[in-house]
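This report describes selected features of the structure shown below. It should be read with the sequence and the coordinates at hand.

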Amino acid sequence: MLIKVRDVKKIYEVGIQKIEAVAGIDLEIDRNEYVAIMGPSGSGKSTFMNLLGCLDTPSAGDYWLNGKEVSNLSDDELARIRNREIGFVFQTFNLLPRATAAQNVELPLIYGGISADERRDRAAEVLESVGLTDRAKHRPNELSGGQRQRVAIARAMVNRPSIILADEPTGNLDSKTGIEIMSLFDTIHAAGNTIVMVTHEEHIADYAKRVIRLLDGKIEEDIRTD
Amino acid sequence: MSAGTTGIDPRDKKGQVWTENFRQALEVIRTHRMRSWLLIVGVAIGVTTVLAMVTVMSGLGKRIQSDIVSADRPYLFISRFDPMGGGQDRRDLLRRKQLTIRDVKFLEENCASCEKLDLQIDPQGRMRVLRYEGERTNLIQVVGATHNMGHMYSISIEYGRFFTEFETDRSRRVIVLGYGPAKDLFPNRDPIGKWIKIGNHRYEVVGTMASRESVLGSISENYAVIPFTTYEKDLGYRFDDYQIGITIKPEFELEEGVDEVHALMRASRKLGPGEVNDFYITTSEGFKEMLGSILTYIGLVLVVISSIGLMVGGIGVMNIMLISVTERTREVGVRMALGARRNDIMQQFLIEAATLTGAGGMLGIFLGLLTARGVAKLISFPYSVPIIWIIIAFVFSASIGLIFGLYPANRAARMDPIKALHYE
């Protein structure tokens, strides 16, 4: 099992009030699954996503990622897990504005301690796989929205992570470009990668092979569609 | 291709992150050109001031030393007590027997290493006015000495001569004028053979001294010398201080001279084996060293004062870095999401700050040396580039970036990646 989450909770204290953003979730995700997490705002899907992405640690419960217990790691250890196991794709792309596409893609490799030569080769390789070889030297402001998201996806894949976490990956794109990006995800999935995606759009969730609906911090529904 | 890790521990290759952080720093400087340049110039001004100060001080120091210790040959100097010594009870020291011409004669007869000896009476700051017809000098020092004084301190005579042993023995009223009083009393006139007045006594001018072109200016030229015997007769005062100057024969080491003079002085002053010295021997070398250390202290104080400018630059760095960190909150979040550890983020901003101030340092070194060179030319003293200070200036300015960048960098490193990622 790639991801195993057992009775995970995330509780925020606001003043004297305690808010359970994630109120006890059990979940298992296998290698090469394609999962969409859905839910209205306030359902806890973002918080759960942050927990899955090791950006945050749960208040209670356990989380095994790729066979390793990660619910109680230090900041540095979490950074290492994020670097090796997780590829993030954000709604707003989050590329570094001053860096070229290639430099953006190389970033995870730098923090992974990969040598400059190998970085260049691997960045070129993933940029090619998203069809942006000719845009490698361009900065984000010289790229279209779809191209930017492709760069972001290339960056997410460059470290060959265990899972790719996508947070509303088409939220800032027009529908035509959105479809292009989703078909790119299909290709990536077909190549054997595991994808977990947060979205609130049904037609985007339709691309996934499994849809998990959250409500009030709990799983309301978990349907496999393949 | 889904599986697994890269197999490389990020901690094994810190160099990758370091290089990226440095590249990033240069990139930031390039994109925020105005802001970065203002900061670099700010730091550069601070470094310029400090370095110019140090360079001028060290050149000036050498010049002052050579001016004050203006002898071609090393010499000994005997006084009743250490002129710079503190700690002892001064009244006790003042009660010590004066050094006398008997001490000088005793040394002259017995000292094998001594070349020439001079007894000098220092008026302890009492000043006098010299007059000639309508002209008068400012207040100057009139010193009593033997005929050997001129030789001892390598005084160069412009007109006439120094007074002789004969004139000293006979307490003749003869006087050698420093460059200052000679110029004041005898503008465009030959002073030799003229009779000037000090108080009610008249003295024949036998010689005048050449200008010393000293950085000390008129201080070292505004005095006159008369035979010490004449001084005792006419101007003697009970608080006058007697000193003996001795040059050592070239075939002897200075230390040998000191040892011999020391032993002979004890004999001359009839000190028993257990008694402490009632005199004090300085050498011109020791004097030079002491001057050197005084100048070092003065220099240090000046450097401290001028480094306040650098501190201001440091505060500028902190300000800019705080702005930079806030502006790039999202970037910090992204980097953290991609695997940057808190230390990597910290390092990134520290390197950025140090690069800025280091660049300022280099510019400052360049401008500082240029300034010092200009000043050196202007007041004509040897220009010396203290390499060690250049290194210190660079290291110091880079450290300012590190120190003042610490707080902003720490702020960036402590960010919550989730909040940072969603910062607008």
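## The hairpin of β9(A) and β10(A)

In this predicted model, Asp216(A) adopts a positive phi near 50 degrees in the hairpin formed by β9(A) and β10(A). Two residues lie between the strands of this hairpin.

Strand β9 of chain A covers residues 210-215, and strand β10 of chain A covers residues 218-224. The two strands run antiparallel and are joined by six bridges. Within this pairing, the residue opposite Leu214(A) is Ile219(A) of β10(A).

Phe93(A) is located in the loop that links β6 (86-89) to α3 (101-111) of chain A. Its relative accessibility is 9%, and because buried means under 20%, Phe93(A) belongs to the buried class.

Setting aside neighbours within four places in sequence, Phe93(A) has contacts with Gly145(A), Arg148(A), Gln149(A), Ala152(A) and Arg155(A), and also with Asn172(A) and Leu173(A). As for Gly24(A), which is 69 residues away from Phe93(A) along the chain, a distance of 30 Å separates the two C-alpha atoms.

## Chain B as a whole

Chain B contains 14 helices and 12 strands. It has 424 residues, of which 49% count as buried. Among the contacts in chain B with a separation of 6 or more, 79% are between residues 24 or more positions apart.

## The interface of chain B and chain A

The size of an interface is often expressed as the accessible area that is lost when the parts come together. For chain B and chain A, the area buried between them is about 3,700 Å², with 53% of it on carbon and sulfur atoms. The contacts involve 37 residues of chain B and 39 residues of chain A.

Three salt bridges are found across the interface of chain B and chain A. In one salt bridge, the side chain of Arg98(A) meets that of Glu331(B), at 3.0 Å from N to O. Eight residue pairs, both members at pLDDT 80 or more, are in polar contact across the interface of chain B and chain A. On the side of chain B that touches chain A, the elements giving two or more residues are α1 (14-31), α11 (329-337), α12 (342-378) and α14 (417-421) of chain B. The most is given by α1(B), with nine residues. Classified by type, this side of chain B has 14 nonpolar, nine polar and 14 charged residues.

Definitions and conventions: Residues numbered from 1 in each chain as written. Chains lettered and ligands numbered in written order. Predicted model: local features only at pLDDT ≥ 70, side-chain atom pairs only at ≥ 80, totals over all residues. Heavy atoms only, no water. Pairing = 2+ DSSP bridges. Helix = DSSP H or I, 4+ residues; strand = E, 2+ residues; numbered from the N terminus. Contact = heavy atoms within 4.5 Å. Buried area = accessible area lost by both parts, 1.4 Å probe. Salt bridge = Lys/Arg side-chain N within 4 Å of Asp/Glu carboxyl O. Polar contact = N/O pair within 3.5 Å; in protein donor to acceptor, adjacent residues only side chain to side chain. Nonpolar A, V, L, I, M, F, W, Y, C, P; charged D, E, K, R; others polar. Buried < 20%, exposed > 50% of the residue type's maximum accessible area, 1.4 Å probe, protein only.
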